[in-house]
Amino acid sequence: KEIFLKDYKLPDYYFQTVKLNFSLGEEKTIVCSEITVFPREEGIASPLVLDGQDLKLLSIKVNGKELKVEEYHLDSRHLTLLSLPRSTKFTLEIVTEIYPQNNTSLEGLYKSSGNFCTQCEAEGFRKITFYQDRPDIMAIYTCRIEADKTLYPVLLSNGNLIEKGDLEGGRHYAVWEDPFKKPCYLFALVAGQLESRDDTFITRSGRKVSLRIWTPAQDLAKTAHAMYSLKAAMKWDEDVFGLEYDLDLFNIVAVPDFNMGAMENKSLNIFNSKLVLASPETASDADYAAILGVIGHEYFHNWTGNRVTCRDWFQLSLKEGLTVFRDQEFSSDMGSRTVKRIADVSKLRSYQFPQDAGPMAHPVRPHSYIKMDNFYTVTVYEKGAEVVRMYKTLLGSHGFRKGMDLYFKRHDGQAVTCEDFFAAMCDANDANLSNFLSWYSQAGTPLVKVTSSYNAEARSYSLKFSQVVPPTRGQPVKEPMFIPVALGLLDSNGKDIPLSSVYHDGMLKSIEKNGEPIYTTVLQVKKKEEEFVFSDLSERPVPSLLRGFSAPVRLDSDLTDSDLFFLLAHDSDEFNRWEAGQVLARKLMLSLVADYQQNKPLVLNPKFVLGIKSILSDSSLDKEFIAKAITLPGEGEIMDLMEVADPDAVHAVRSFIRKQLAAELKAEFLKTVQNNRSSEAYVFNHSSMVRRALKNVALAYLASLEDMEFTELALHEYRSATNMTEQFAALAAIAQNPGKTRDDVLADFYSKWEHDYLVVNKWFALQAMSDIHGNVENVRNLLKHPAFDLRNPNKVYSLIGGFCGSPVNFHAKDGSGYKFLGEVVVQLDKLNPQVASRMVSAFSRWRRYDETRQKLAKGQLEMILSTNGLSENVFEIASKSLAA
Ligand code: ARG
Ligand code: ZN
């Protein structure tokens, strides 16, 4: 059943308090809920419809009286209460029985490694008890948990522990009370054998907060970085947004079985253990960075999500886009801003742009859904974060902060909409952001074209912008968008030209700030076509457009290759320096792909080699900037730019360029590896991370040559590594090339780490992602490996998700990759529809490929859709993929 934003209706009944009582057991769990209900308006006589799924109803009472069978109606999705006391507050008591031990969907109450835990967002609470499972129903919760004391010594829920004690029969109980109103999706319960790392944080107003990170005893040592991250996040939110934590206790629990990354349940965040556990020996720099970001993300939700929540699930980006923006800024402030921005924009380009151009394209605020879980997407999250970033770009840091302050002042304790956020931003700044709201309603990545011309006589320079928003499913025609274009102009020495005024819309507009000239201005492009003219320029400048990637658009400018090389060498905006290199690389790769398709010999432009060489040997550059700048755009990014995506050609070209660069810059790469070795103990800080990053990129280039000398070098790095970042990079470098060395080192790595499931997942992923010819057979064998388990999402993401990340193998022309995924999806859907649905998404872009591939992929989608008992999750993605 499809649900539409335009059908939103206020609830007829609100809930004030909710008392839950869980009696946890091995065969069954009994859940008693006692809710005080009040009608929205006096005299409302409508039935009360409660959501419920996979529940066994034991009893219902209203005001203490058991309901008779004719007073309610029960079906597989709802419990409808037909006769209710008129216009007064009443209490509702419901008892249900559930079976968490059989719950493989990992939604609602389930068991992970013997412990009980919950995941309620978006609509999992209905698998725990009958309830109005929607975020605009906010209530005060009390939760009593009762369980066997030996099996489940730790009993946790939201808020404060107010009572605990022992019971007969070896059981015990705990009572938790959360003083803040919340929607049910923020409810959480954990029970199990866990131990905690404890610390404290004193808020700036002097509240002493106990911090606890819970894991099985053997993992406790690996929680130091998570605790560091949590404290840094708490401090940062105070410093940057003036936001303090609001309770005396903050718990984080790490569980190995979790569908997503983590969940911001009030004061009881639950995490996928891969985003909590880290040690230098077992986790890479990327893992450390992800932990910092996600611990921050979930903590920041306490204000953006929990204190102010969403009216309905269409507003998801209200909390997710905003909170991703906040975690991005947090990571930037803790590390390097440019490097973080490059990583975020790359992610947007490789995943969100394709989504926005395919059958699953949807606006940041979707108009409809069948299963909400399918809309926890890169569009809602990452494009949503770009939308928030644009407010900041347009209003300035100070103006953005004023908007945030007003948002909290107006909406604390409420469930609100994206318009409410927009209104707070505008009102706090007396700003008119005209059609900015179309970022929430129009899908598709705008294409912005820029043409420039210099008039030597008039000493003026004109930039003409035109924009097109491509049609997407259900939205054939679009309005122009409000696009902030941050811009600087470079003189022939590569220096920024001071900007004082711009001629636009028949007016000369001053862009000075307090009489001071500025070097980056933000042009507001709002119409289909628009011109901006700069005057008083003694020579043709080189424009640096869309600095810092100021809007999520595809930019097509008339810059020449020599302009781009110039920007790569000089732009004061480091992001745009990197971007200039990427534009050059994309052009180069596309033209080589065309050559390859026409069977022409591949020749690498020597200017490109020189460009890479000069970056590689420029010691004034940040090492991670170098590492990013010498990394070619991914295969997906290039395929995304082609009329018909050709995975074989793109792969051949990317490998060719890599090998060619490695061959021609052998000496430079070797020096880079040697100069960036270190015998120091692992530290997670910028200078050591960038050293490792650069060394690892150089090593991968060298190893691509399949030369004994460099295989030996990689082996040496593998054996001498003292941390996972370097060990794994060396392993990956070796594993690029088939052969005995590869097999031996992979086996060695497994035997070293077989006791550590998180490291084993990396080992699965590395083999799954391999571009080695015919890899599908290896992956099929790995499905049968004793360490693999289809019920564990992380293992599925590593092995199945990893395999789909190798275009040559997933899109193999014989259809073997498609067939493999089709089979797995059907199997997986019976266990865990959310995970199956994420996997089936790999098919959604099938129309981008040639006819042979289209037919094969389509066949698998049809096979999936014809499966009996298919979940709504997979149905939605598969049917929309076929429809478009
Ligand atoms: N709110 C969580 C976050 O921090 C994600 C929860 C997603 N859950 C789901 N079933 N899709 O991003
Ligand atoms: Zn989130």
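This is a predicted model: local features need pLDDT of at least 70, side-chain atom pairs count only at pLDDT 80 or more; totals for chains, interfaces and linings use all residues.

Visitor: What angles do the six donor atoms around the zinc ion (ligand 2) subtend?

Guide: In general, ideal angles for six octahedral donors are 90 or 180 degrees. Here the six donor atoms around the zinc ion (ligand 2) subtend angles of 48 to 160°, so the arrangement is irregular. Among the coordinating atoms are NE2 of His297 and NE2 of His301, and Glu320 takes part through OE atoms. Along the chain, the donors have the spacing H-x3-H-x18-E. His301 sits in the loop between helix H2 and strand S22, and Glu320 in helix H3, so this pair ties together parts 19 residues apart in sequence.

Visitor: What is the order of the strands in the open sheet of three?

Guide: As a general idea, strands of a sheet pair through backbone hydrogen bonds, either parallel or antiparallel. In this sheet the order is S4-S8-S7, and the pairing is antiparallel. S4 and S7 are at the edges with a single partner strand each, so one side of each has no neighbour in the sheet. Four bridges join S4 to S8, and Leu48 stands opposite Leu81 in S8.

Visitor: At what angle do the axes of helices H15 and H16 cross?

Guide: Two packed helices are described by the angle and the distance between their axes. The axes of H15 and H16 cross at roughly 145° and come within 9 Å. Their crossing is left-handed. Contact residues include Leu699 of H15 and Phe710 of H16.

Note on methods
Residues are numbered from 1 along each chain as its sequence is written. Chains are lettered from A and ligands numbered from 1 in the order in which they are written. Side-chain values use heavy atoms; hydrogens and water are left out. Axes are lines fitted to C-alpha atoms, for helices over the stretch in contact, and angles run from 0 to 180 degrees between N-to-C directions. Helices (H or I, at least four residues) and strands (E, at least two) are DSSP runs, numbered from the N terminus. A crossing is left-handed if the near helix is turned anticlockwise from the far one by less than a right angle, and right-handed if clockwise. Contact means heavy atoms within 4.5 Å. Two strands pair if DSSP finds at least two bridges between them. Donors are N, O and S atoms within 2.8 Å of the metal (3.2 Å for Na, K and Ca); water is not among the atoms, so sites may look incomplete. Four donors count as tetrahedral if all angles lie between 85 and 135 degrees; four count as square planar and six as octahedral if opposite donors are over 155 degrees apart and all others between 65 and 115; anything else is irregular.
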